[in-house]
Amino acid sequence: MTDTPAIKVEKLVKRFGKNTVLDGIDLIVPRGQVTCLIGPSGSGKSTLLRCIALLEEANEGFIEIDGEPLGFSSGDFGERNRLPAAQTRKVRSRIGMVFQQFNLWPHMTALGNVAEALVTVRGMARKDAEERAMAQLSNVGLRERAGHYPSELSGGQQQRVAIARALALDPGIMLFDEPTSSLDPELTGEVLNVMRDLAQSGMTMLVVTHEIGFAASVGSKIVFLDHGKKIVEGKPDEVFGKPRHERIEQFLDTYLDRGAATLL
Amino acid sequence: MTFDLDLIISFLPDIVRALGVTILLWIAGSILGIILGFVIAVLRRYGSRTVDLALLAPVELIRGTPFLVQVFLLYYGGPFIGLSLDSITAGLLGLTIYGAAYYSELWRSGFIAIPKGHIEAAQCVGLNRRQTLRRIILPEMTMLLLPSMVNMTILMLKETAILSIISVPELTLAVSALGTKYYAFVEGFAILALVYWALVEACSAMGRYAESRLSKYRFAAT
């Protein structure tokens with residue numbers, strides 16, 4: 001069981017119309033580690049993450065969470081059988097998702113956002129749910145902001161609330177879809193720090209990011225995608241250290257002016 | 001011809017009674033229209049393509065014809081298809097259907113305006129479709145749609161005046177009857193204008209108050 005990866009993706013294909021966005025992706029996300037998906041825009045990294053979160057349904061291939069099939073199981077001849085909704089909900093509840101645009105609900109306070117699913121989905125009493133939500137907000141350093149509405153919070157604070165919202169449900173795996181891409185550089189740090197702490201606590205994380213510095217320092221595994229295909233995969237020093245894959249070299253060139261080069 | 005306010009004052013009890021009918025029909029018609037409009041919008045959004053098209057036709061028909069014509073056909077044409085209604089029932093039904101067509105379009109615009117990500121976030125924490133509708137979509141839409149809902153509700157008040165043609169004993173009918181009887185049109189219609197305007201202002205003020213209470217729920221900048 002310890003060898004079962006947290007996430008296993010097999011030959012995943014996703015098409016939008018005639019456009020093949022994921023072209024037979026295989027991916028292993030080991031338990032308790034941070035896996036970073038990097039690559040240029042349009043490489044399919046966000047789509048891959050959204051397929052794992054079941055926000056998109058892949059056209060072919062399989063996804064396993066902790067060894068259990070997500071959405072579809074593989075039949076005797078490799079055909080896909082759709083799994084019952086209850087089974088899918090159960091497997092999916094092990095995954096927490098954080099979005100680029102935070103997606104907090106504007107009519108609820110920070111506390112309300114974090115407590116919502118505990119009450120509505122888990123059936124907890126409002127008081128207990130808010131106690132737990134408060135503990136989560138404390139973990140991301142926002143205890144004193146609990147009563148604020150999203151419109152009264154900075155982007156960095158909103159994203160930390162969104163992380164607390166996902167963590168409140170005790171997921172074994174956290175997915176991050178470009179969590180700092182819509183933040184000012186000044187606010188990026190506070191979100192990355194929360195993610196760093198989370199990584200140190202042993203959370204399994206799959207992070208789509210443009211923060212090459214973060215990927216290099218926190219990631220235990222880097223996966224580079226381009227045009228829906230996995231190009232390179234390995235430990236940060238294997239992927240970023242010289243000699244580099246030619247495509248990585250080109251990609252990193254675009255980051256030279258963003259200060260990431262000094263890290264590498 | 002003089003501006004004879006005493007005449008109006010002497011008929012004040014009748015006018016107040018008629019005002020009561022107007023307000024009752026307005027509020028009942030608006031509430032029922034908002035509810036029916038919501039049902040239509042939800043069916044059109046979550047139902048099959050056939051359901052969507054089947055509901056599109058009546059909505060377009062109602063929006064495409066004058067309320068006066070609809071009310072007239074409902075009240076005087078209804079009996080031909082076995083639908084004999086007294087004037088107040090016909091008036092309320094007409095108002096509800098008319099309102100529902102417009103309110104359903106408002107609700108529809110609300111569904112479109114809600115960021116997809118807010119719904120995805122709900123999916124990701126395990127809310128099912130009904131919970132998402134009740135806990136996320138409806139409250140967000142209320143906030144988004146409040147100004148246009150208030151606007152439509154103001155129009156609904158003014159449309160109640162049309163119900164006088166099927167002799168619903170509402171304000172416009174009562175006042176114009178006075179006008180005909182005592183040849184006091186100017187007084188009557190001046191009072192009518194003032195009363196409708198006062199009601200509209202009261203409704204707008206309530207809307208503004210609600211908006212200010214909801215202002216902190218506005219969408220956050222990202």
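Two residues are in contact if their C-beta atoms, placed from the backbone, lie within 7 Å. Helices are DSSP runs of H or I with at least four residues, while strands are runs of E with at least two, and both are numbered from the N terminus. This is a predicted model, in which local features need pLDDT of at least 70 and side-chain atom pairs count only at pLDDT 80 or more, whereas totals for chains, interfaces and linings use all residues. Residues are numbered from 1 along each chain as its sequence is written, and chains are lettered from A and ligands numbered from 1 in the order in which they are written.

In helix 8 of chain B, Leu171(B), Thr172(B), Val175(B), Ser176(B), Leu178(B) and Gly179(B) meet Phe185(B), Gly188(B), Ile191(B), Leu192(B) and Val195(B) of helix 9 of chain B. By class, the residues of this contact are seven nonpolar, four polar and no charged, where Ala, Val, Leu, Ile, Met, Phe, Trp, Tyr, Cys and Pro count as nonpolar, Asp, Glu, Lys and Arg as charged, and the others, Gly among them, as polar.

The table sets out two helix pairs, with axes fitted to C-alpha atoms over the stretch in contact and angles running from 0 to 180 degrees between N-to-C directions.

| Helix pair | Axes come within | Crossing angle |
|---|---|---|
| helix 4 (67–77) and helix 5 (87–113) of chain B | 10 Å | roughly 135° |
| helix 8 (171–182) and helix 9 (185–214) of chain B | 8 Å | roughly 160° |

Helix 4 of chain B is therefore oblique to helix 5 of chain B, and helix 8 of chain B is roughly antiparallel to helix 9 of chain B; angles under 35 degrees count as roughly parallel, over 145 as roughly antiparallel, 65 to 115 as roughly perpendicular and the rest as oblique.

The largest nonpolar core has 120 residues, and Leu37(A) and Leu175(A) have the most contacts inside it; such a core is a set of buried Ala, Val, Leu, Ile, Met, Phe, Trp, Tyr and Cys residues joined through C-beta atoms within 7 Å, and buried requires 20 or more other C-beta atoms within 10 Å of a residue's own. Helix 5 of chain B supplies the largest share of this core, eight residues. Beyond its neighbours within four places in sequence, Leu37(A) is in contact with residues including Lys45(A), Leu206(A) and Leu225(A).

Between the chains, the contact takes 21 residues from chain B and 27 residues from chain A. On the side of chain B, helix 6 (116–124) and helix 7 (129–159) are the elements that give two or more residues, and this side has ten nonpolar, six polar and five charged residues.

Conventions:
A residue is buried if 20 or more other C-beta atoms lie within 10 Å of its own, exposed if 12 or fewer, and partly exposed in between; C-beta atoms are placed from the backbone.
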